[in-house]
Amino acid sequence: MQQSLEERFPDVLFYNPALTEVQDNVVIGAGSRVGSMTVVHRDARVGTGTTIGSHCNICACTIGNNVSIQTACHITRGVTVEDDVFIGPHVVTLNDKLKGDPMIYPYIEKGAKIGGGSTILPGVRIGANAVVGAGSVVTKDVPPGALVVGNPARIRQSAPGDQT
Ligand SMILES: CC(C)(COP(=O)(O)OP(=O)(O)OC[C@H]1O[C@@H](n2cnc3c(N)ncnc32)[C@H](O)[C@@H]1OP(=O)(O)O)[C@@H](O)C(=O)NCCC(=O)NCCS
């Protein structure tokens with residue numbers, strides 16, 4: 001008989017286990033929480049103390065510790081999210097340019113904050129502690145500590161102490 005989510009992940013809080021799908025070969029660390037109507041796909045890795053909100057689609061990706069992923073995010077296959085990252089509601093990450101090239105995966109470094117409704121294009125790297133304003137379309141790498149906004153996202157403020 002198939003084990004329940006509570007049996008498979010005794011140290012994880014599922015807001016409503018009957019409304020959550022966690023596929024095979026998934027790791028979710030202790031103290032993490034997962035919302036309703038969320039699907040965590042096969043081979044996903046989620047760290048400890050991380051919150052994944054409701055209506056999220058978490059593909060085979062790597063998510064660190066103490067990460068917050070708000071409602072209705074799409075974290076696509078191959079993405080890496082380091083520790084202490086905040087991802088606002090309705091953020092979409094993408095891995096295929098649709099030009100026939102191999103897939104390339106977004107990488108979000110430690111402590112970065114992504115504003116709600118943003119789209120992170122394939123292969124883009126968001127630097128540590130960078131901030132992405134709400135509704136941005138991020139087409140290029142964001143330096144650590146920078147603030148970017150808009151479509152396409154442009155640097156509005158570089159890291160403190162950065163003279164560029
Ligand atoms: C980018 C952000 C951090 C800037 O905050 P701020 O420094 O207080 O900015 P202000 O509100 O003073 O706005 C400054 C200027 O930037 C513009 N701006 C602010 N946020 C913007 C955004 N997301 N995209 C485009 N322009 C933006 C404002 O229109 C204003 O333009 P102006 O100078 O021409 O009038 C903030 O607006 C933001 O987007 N935060 C993310 C919120 C979010 O998604 N939270 C998720 C959890 S609920």
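1. Two strands count as paired if DSSP finds at least two bridges between them. Strands themselves are DSSP runs (E, at least two residues), as helices are (H or I, at least four), and both are numbered from the N terminus. Keep that handy for the sheets below.

2. A quick word on what you're looking at. This is a predicted model, where local features need pLDDT of at least 70, side-chain atom pairs count only at pLDDT 80 or more, and totals for chains, interfaces and linings use all residues. Numbering starts from 1 along each chain as its sequence is written.

3. Now the overall build. The chain has 1 helix and 22 strands. Its radius of gyration (taken over C-alpha atoms) is 16 Å, close to the 15 Å from the globule rule (2.2 Å times the number of residues to the power 0.38), so with 164 residues the chain is as compact as a globular protein of that length. Along the principal axes, the C-alpha atoms fill a box of roughly 60 × 35 × 20 Å.

4. Next, have a look at the open sheet of 6 strands, ordered β3-β6-β9-β12-β15-β18 with parallel pairing. β3 (27-28) and β18 (125-126) sit at the edges with a single partner strand each, so one side of each has no neighbour in the sheet. β3 pairs with β6 (residues 45-46) over 2 bridges, and valine 27 faces arginine 45 in β6.

5. There's an antiparallel pair too: β21 (residues 147-149) and β22 (residues 154-157) are joined by 3 bridges, with valine 148 opposite isoleucine 155. These two strands form a hairpin with 4 residues between them, and glycine 150 in the turn has a positive phi of about 100 degrees. Proline 152 lies in the loop between β21 and β22, and a cis peptide bond with omega of about -5 degrees joins asparagine 151 to proline 152.

6. What about the inside? A residue is buried if 20 or more other C-beta atoms lie within 10 Å of its own, exposed if 12 or fewer, and partly exposed in between, with C-beta atoms placed from the backbone. By that count, 34% of the 164 residues are buried.

7. Threonine 76 is worth a click. This residue sits in the loop between β11 (74-75) and β12 (80-81), yet counts as buried because 22 C-beta neighbours lie inside 10 Å. Threonine 76 and cysteine 61 are 15 residues apart in sequence and 6.8 Å apart in space, C-alpha to C-alpha.

8. Most residues other than glycine have a negative phi. Aspartate 43, in the loop between β5 (39-40) and β6, has a positive phi near 75 degrees. Asparagine 129, in the loop between β18 and β19, has a positive phi near 60 degrees. Aspartate 43 counts as partly exposed, with 15 C-beta neighbours inside 10 Å, and asparagine 129 is partly exposed with 17.

9. Last, the ligand. The residues around it (C-beta atom, placed from the backbone, within 6 Å) include Gly88, Val131, Ala134 and Gly150.
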